[in-house]
Amino acid sequence: MISAVEHFPLLIVVLSLFSAFTIFVAGWFEKKSCVFISIATLVTQFILSIMILHHVLTRGPIHYWLGGWQPPWGIEYVMDALNAYVLIVLLFLALVCAIYSKKNIEHELPQKRVSFYTIYQLLITGLCGITVTGDIFNMYVFIEITSLSAYALIAARGKIALKASFTYLILGSIGACFFLLGIGFLYSVTGSLNIHDLSLLLPPLYGNRVVKAAFVFFIVGLSIKMALFPLHTWLPDAHAFAPSEISAMLSGIIIEIATYAFIRVAFSVFTVNFIKLLPIFDILCWVAATAIIIGSILAITQLNLKRMLAYSSVANMGYIMLAVGLSTSATNYPWGGLTPASMHILNHALMKGCLFLVAGAFIYKADLWYIADLRGLGRKMPYTCAAFAIAALSMIGVPPSVGFVSKLYIILASLEAKKIVFVVIILLSSLLNLVYFWRVIETLYMKREEGKEHSSTSSSSKNELPLSMLIPVLTLASLCIIMGILWLTKIPIPILNKVNVMFGLVGRP
Amino acid sequence: MIETIESVRPLLAIICPASGAILILLSGRRPNLREGWTLLASLLQFSLILSMVPMVLAGKRIECNFFTMFPGIDFGFHVDAFGLLFALTSSSLWVLVSFYSIGYMRTLQEHAQTRYYFCFALAIFGAVGVALSGNLVTMYIFYEILTVSTYPLVAHEQTSEALFAGRKYLAYLLTSGCFLLGAIALTYSIAGTTDFAQGGILTVASATHSVLMILFILFLLGFMKAAYIPFHSWLPTAMVAPTPVSALLHAVAVVKAGVFGIVRTVGYVYGIDMMHELGLGIMLASFAAFTMIVASLFAIAEDNLKRRLAYSTISQLSYIIFGVALLSPMGITGAMIHIPFHGFMKITLFLCAGSILVASGKKNISEMAGIGRAMPITMFAFTVGALGMCGLPPVCGFISKWFLGLGTLQANNLIFLAVILISSLLDVIYFFPIIYTAFFGKWEGTESSLAKGKKIKEAPMFMVIPLSITAIFSIIFCFPNPVTDVILDLVRIAICNLRGG
């Protein structure tokens, strides 16, 4: 008997697509309705994604054949532990950002509300599509949908954002081309586009140059999409000038979905056996390590808060890719395999989501872009600043936050892989994080406002965010702590370990 | 094998300051209620920790495990005699300093008092957590909480000097936290566990000598809170903090957490026998001896009272490291009892410095001529503390120095005995001028302060009573009585545990 849940992978994508059109139509009549339709859709999708995860964990993977066509010919949607997990992360952050955007978009883009939410839903469609699909060409299509809507959303503010968006457009298209070339190469030698089918057809061809070249094309293409150093140049401007909820989505989800796509390509299309043939993951580790250090150093030099956070994202993509790079050499439960990488996908989404939303809050309240302007806000906006402090401490890696857990897992993985140098790099990067995040915390709380020497009490009245913006920010901040403790109790680890078992990375505990 | 009992008391003792901190934050608008929470939390915590003493004295170990973080690492508390000793010291002094804080902060009309009390409670949460932790990872979690929560207290004044001190504080201590995390991860990958065990968890066979040596150096760098030279300079700089902070955190909780960590590493991670085998004991002892002497020399040159006390702390902390590094039972006894004894004496000195500041606004020793006549109780308590620091009877510093001296003899090292004596002499050199100036110095400030219509008199009762209590206890500890017996018994049990029964 087929349970209803098995239809959900398609439903999630279609729901979002329909809601995009609904918003467009409804927007003609009532502009205010857009945000509510968007939120309602996301809530439904989020619930569906939880049910999918539950189904995957209890009954095993879901295979959905579009139009009933059998896999090698038709498009197949596959849900396993990895993408069910990523889907939850993605929809959760999207939901939080949508709630946050209500007031912020009214304030920033009052004329463009309808198109904003239409494109926002298209963005979600693309992201969900990348996650659920089991077909490599279909994945390319969704990557393009995601990127196109992201270009539009970044450009929404006009002026300098147009330039940022254009840079992203050019580089993103190049990345997509590389990805497409990779698909073409694989198709030319195997004649298949289905991920599972490819993984069966490829092993005899592992020595083939075309297959190796295809793998490199995938890596380069996705590295541009995930802004892995040195291909990160589009990211800082795009993050800095987009509306804040889009910055949060860009940093927390859009570039992370590229790491998901990378994991999918590397472990599902190709397999561990292929990766072990080439030294590619060793190189990847070093590139990622460079990204961590350079990203952090560049972040230190920034004066604009959102640009600083953007460079911090470059560093954090380095964390994820370092963890991916170590996944084949560290195999012990619980830190072996992809666990640290998939863990950091969620952790980074929470932390960076929170930080960008707070940065957006400063812009919303007082149009403050630069770190030096943030003096004394700790008194004026106590809850918002507390959220920032928690997320920033988490980025630095103070226990028991999520950042600490990520750090610890990556350190243990690199120790097991006998690569002490990465332990040093992780520790060094947390010090660099300290330098640039503490500067902000100090400005928020400790630096006196100019011209207000020793005016201790009631110098500045409270000026908190509206509740609909405050609640998302505080939710993310408290999750930074709660998830950190949950990770330490290892309650969610078995989900991630299923992924490792599926890819043949780790034995059962 | 030690008998263990399951109990949630360690957890409750930790929760007290944590929930206290939240309540303080919530009642920020009502100062009396806020300070009430501080007092309540501190009293409750002290009595909870006190209630664990009989069990530990009966030779049992209290355990409280929650969940497994990694194979072989639980998140949990193990209360043994040594941990309890540190917890007792911190929590009992927190009670006294809470009263003192009220007097100090209100008299000086400090700003941001809610933040102050909140962070103070959080710091105690960290310190007691460190004391009761059952393994290195749990300890690391609290250790870092302690570091971060102390920052707002150091930078409390929010002047550029205070901000600089705060930055320096974090730069030193979070860097050291990174070393510690590296060391813990390495220990885990070598030993497969990080529990504090009798006789240590590392064995000579488990790794090469050079790896074990490097790991030990990593641990030392990780416990930079112990403020040994050359990584000491954050401590004198941090003296810009309000005096109760300097008193409790920078004489007891924070710095002792570092020393505590070193003792844990030596005794429970490496084990006494392996320390002998690797020759690490003598290295550590020489290192500590160097700090003892040099820090005292720095202290002589310092005119700011609190900074001089800070250098004295640096020197005294190294006594503890030194005693443990001797690896002889007497030496370790001296080290362990010096934790509560030094705590009480040094806090007396700091509280006196604070009440001088409150009563007269004076920070430098050269300005304090004749102040002993205006503030007799305070300066008398100061004298008691100073005598103790120099190791003179009838103050408890004498006992710890006596044991340390016996320890050097047990370790057959006369040079180290000479070091202790020289260092005591230096203590005398930098403390006696203060006492002399205070009591016999020529009273200069009279006219000017009379002109201001303000005569220097004793600080408020909230401040004088706590410092008298600590001074009285510093003397009581020197004589045989039930309280001293409890401390000595705890130390004896701890040493029995160290040597494996």
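Me: What phi does B:Gly72 take in the hairpin of strand 2 and strand 3 of chain B?

Reply: The hairpin has two residues between its strands, and B:Gly72 takes a positive phi near 90 degrees there. Strands are DSSP runs of E with at least two residues, and helices are runs of H or I with at least four, numbered from the N terminus. The model is predicted, and local features need pLDDT of at least 70, side-chain atom pairs count only at pLDDT 80 or more, and totals for chains, interfaces and linings use all residues. Residues are numbered from 1 along each chain as its sequence is written, while chains are lettered from A and ligands numbered from 1 in the order in which they are written.

Me: How do you know that strand 2 and strand 3 of chain B are paired?

Reply: Pairing requires at least two bridges found by DSSP. Strand 2 (residues 60-70) and strand 3 of chain B are joined by seven bridges and run antiparallel, so they meet the requirement. B:Cys64 has B:Phe77 of strand 3 of chain B as its bridge partner, and B:Glu63 stands opposite B:His78.

Me: Why are strand 1 and strand 3 of chain B said to stand at the edges?

Reply: The open sheet of chain B has three strands in the order 1-2-3, with mixed pairing. Strand 1 (3-6) and strand 3 (73-79) each have a single partner strand, so one side of each lacks a neighbour in the sheet. From one strand to the next, the twist averages 40 degrees.

Me: What makes strand 3 of chain B largely enclosed?

Reply: A residue is buried if 20 or more other C-beta atoms lie within 10 Å of its own, exposed if 12 or fewer, and partly exposed in between, with C-beta atoms placed from the backbone. Seven of the seven residues of strand 3 of chain B are buried, so the strand is largely enclosed by the rest of the structure. Both of its faces are covered: B:Ile73, B:Phe75, B:Phe77 and B:Val79 lie on one side, with B:Asp74, B:Gly76 and B:His78 on the other.

Me: Are B:Tyr100 and B:Gln316 buried or exposed, and what shows it?

Reply: B:Tyr100 has 30 other C-beta atoms within 10 Å and is therefore buried. B:Gln316 has 27 and is therefore buried as well. B:Tyr100 belongs to helix 3 (residues 81-108) of chain B, and B:Gln316 to helix 12 (residues 305-325) of chain B.

Me: What do B:Tyr100 and B:Gln316 touch?

Reply: Two residues are in contact if their C-beta atoms, placed from the backbone, lie within 7 Å. Not counting residues up to four places away in sequence, B:Tyr100 touches B:Pro244, B:Leu351, B:Phe462, B:Met463 and B:Pro466. With that exclusion also applied, B:Gln316 touches B:His342, B:Lys346 and B:Met389. The C-alpha atoms of B:Gln316 and B:Asp427 are 9.7 Å apart, although the two residues are 111 apart in sequence.

Me: Why are helix 2 and helix 4 of chain B described as they are relative to each other?

Reply: Helix 2 (residues 31-57) and helix 4 (residues 113-132) of chain B pack at an angle of about 10 degrees, with axes 10 Å apart. The axes are lines fitted to C-alpha atoms, for helices over the stretch in contact, and angles run from 0 to 180 degrees between N-to-C directions. Angles under 35 degrees count as roughly parallel, over 145 as roughly antiparallel, 65 to 115 as roughly perpendicular and the rest as oblique. The two helices are therefore roughly parallel. Among the residues making the contact are B:Pro31 and B:Arg34 of helix 2 and B:Tyr117 and B:Val128 of helix 4 of chain B. Helix 2 of chain B also lies across strand 1, strand 2 and strand 3, at about 105 degrees to strand 2 of chain B.

Me: What makes chain B as compact as a globular protein of its length?

Reply: The globule rule is 2.2 Å times the number of residues to the power 0.38, and the radius of gyration is taken over C-alpha atoms. For 501 residues the rule gives 23 Å, and chain B has 22 Å, so the description holds. Chain B contains 20 helices and three strands, and 61% of its residues count as buried.
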